[in-house]
Amino acid sequence: MSQTTMDVPPDLADKRQLSDDEPFCFGCRPDLPCFTRCCANVNILLTPVDVLRLARRLEMSTTEFLDRHALIPITKDLRLPVVMLKMSDDESKRCSFVTEKGCGVYEDRPWSCRMYPVAMAVPPARAGVEPKPIHFLLEDDFCEGHGEPRKWAVNEWREDQDVARSEELEAGFREIVSHPWFIGGERRLDPKRLDMFFTACYDLDKFRAFVFESTFLERFDLEPGLVESLREDDDALLRFGFRWLKLALFGEPVLPMKDSARRTA
Ligand code: SF4
Ligand code: SF4
């Protein structure tokens, strides 16, 4: 199905859409005069995996990371909260992680930084249609990488930038944000559910405390071994958070309740 500009975020509406095998020229090297120019005054959306990886890299909790390094813009058009990387407050508006040698968190840099100059949008849900991400080419004037001869297709670029693992981990996140519950764009989650979404997706340490320090485990019957994984394994907890949100936000029966909890419910 072809995609109309009405389906994409306004900031991508005038960008060139890239089909999977459409080639684009790009190269990024430290000896280009624009080196790190892209790391200032830029809107970088953070995915749940980005927040988690950066927090762990900086040896801080996700709560502290969000507090120190993230912005959560509130606009009436946003259906769900988004998280953006905070730039410095001074005139340079540079990313806190940029150094003279390039990105100071390179191995854990956000998805948007890895994929630049390719951007992605997930279209809103439509009845019976699985949303397929759409890719765009960002052709910023400041970036000289577009003059480089190497040709890429989107999938080659994705492979080169090693995004498959985080995208696989975030499959459940994409299912939430493009859930059929939102079809038509009229329905809104109440503040309590928005808070659940934010916690489970972005503030994983707070979500872990919710799972282990509330009555959660008394209420839900989890598969053998899962509780221990959730205690130790961030990736397992993130996957579980996306699963839990299907129940908490949309009432999908994805987590069985314990008999004792059902009797008192
Ligand atoms: S080529 Fe583009 S992406 Fe690479 S450093 Fe220059 S501005 Fe940034
Ligand atoms: S995280 Fe790294 S690549 Fe991304 S803007 Fe900051 S310094 Fe640049």
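1. In this predicted model, ligand 1 is surrounded by Cys28, Leu32, Cys34, Phe35, Thr36, Arg37, Cys38, Tyr116, Phe142, Cys143, Glu144 and Gly145. When the residues of this shell are sorted by class, eight are nonpolar, two are polar and two are charged.

2. Pro117 itself has its place in the loop between α3 (111–115) and β8. For a student meeting this for the first time, the background is that most residues other than glycine have a negative phi, and most peptide bonds are trans. The other part of that background applies to Asn41, a residue other than glycine whose phi is positive, near 50°. Asn41 is found in the loop between β2 (24–25) and β3.

3. Ligand 2 has its own shell, made up of Cys39, Ile44, Cys95, Phe97, Val98, Cys103, Val105, Arg109, Pro110 and Cys113. Here the division by class gives nine nonpolar residues, no polar residues and one charged residue.

4. Turning to the protein chain as a whole, its secondary structure comes to 12 helices and 10 strands. Its radius of gyration is 20 Å, close to the 18 Å that the globule rule gives for 265 residues, so the chain is as compact as a globular protein of that length. Taken along the principal axes, the box that the C-alpha atoms fill is roughly 65 × 45 × 35 Å.

5. Which strands form the open sheet that contains β9, and in what order do they stand? The order is β1-β9-β8, a sheet of three strands with antiparallel pairing. The edges are taken by β1 (16–18) and β8 (118–121), each of which has a single partner strand, so one side of each is left without a neighbour in the sheet. From one strand to the next, the twist averages 40°. Between β1 and strand β9 (residues 134–137) there are three bridges, and the two strands pair in the antiparallel sense. To locate this pairing in the structure, one may look for Arg16, which stands opposite Leu137 in β9.

6. A further open sheet of three strands, again with antiparallel pairing, has the order β3-β5-β4. In this sheet β3 (45–46) and β4 (70–71) are the edge strands, and each has a single partner strand, so one side of each has no neighbour in the sheet. Strand β5 (residues 83–85) runs antiparallel to β3 and is joined to it by two bridges. Within this pairing, Leu45 stands opposite Met84 in β5.

7. Among the helix contacts, that of helix α1 (residues 48–57) with helix α2 (residues 62–69) has an angle of about 100° between the axes, which are 9 Å apart. Because of this angle, α1 counts as roughly perpendicular to α2. The residues that meet are Val51, Leu52, Leu54 and Ala55 on the side of α1 and Thr62, Phe65 and Leu66 on the side of α2. By class, this contact has six nonpolar residues, one polar residue and no charged residues.

8. How are helix α7 (residues 191–201) and helix α11 (residues 234–250) oriented where they pack? Their angle is about 175°, with the axes 9 Å apart, and because angles over 145 degrees count as roughly antiparallel, that is the description given to α7 and α11. From α7, Arg193, Met196, Phe197, Ala200 and Cys201 take part, and they meet Gly241, Trp244, Leu245, Ala248 and Leu249 in α11. The contact of α7 with α11 has eight nonpolar residues, one polar residue and one charged residue.

9. Helix α11 also packs with helix α8 (residues 204–213), and here the axes come within 11 Å and cross at roughly 75°. These two helices are therefore roughly perpendicular to each other. Leu204, Phe207 and Arg208 of α8 make the contact, together with Asp234, Leu237, Leu238 and Gly241 of α11. The classes in this contact of α8 with α11 are four nonpolar, one polar and two charged. A reader comparing the two contacts of α11 may notice Gly241, which belongs to the contact with α7 and also to the contact with α8.

How values were computed. Residues numbered from 1 in each chain as written. Chains lettered and ligands numbered in written order. Predicted model: local features only at pLDDT ≥ 70, side-chain atom pairs only at ≥ 80, totals over all residues. Axes fitted to C-alpha atoms, helices over the stretch in contact; angles between N-to-C directions. Helix = DSSP H or I, 4+ residues; strand = E, 2+ residues; numbered from the N terminus. Parallel < 35°, antiparallel > 145°, perpendicular 65-115°, else oblique. Contact = placed C-beta atoms within 7 Å. Nonpolar A, V, L, I, M, F, W, Y, C, P; charged D, E, K, R; others polar. Pairing = 2+ DSSP bridges. Near = placed C-beta within 6 Å. Rg over C-alpha atoms; globule rule 2.2 N^0.38 Å.
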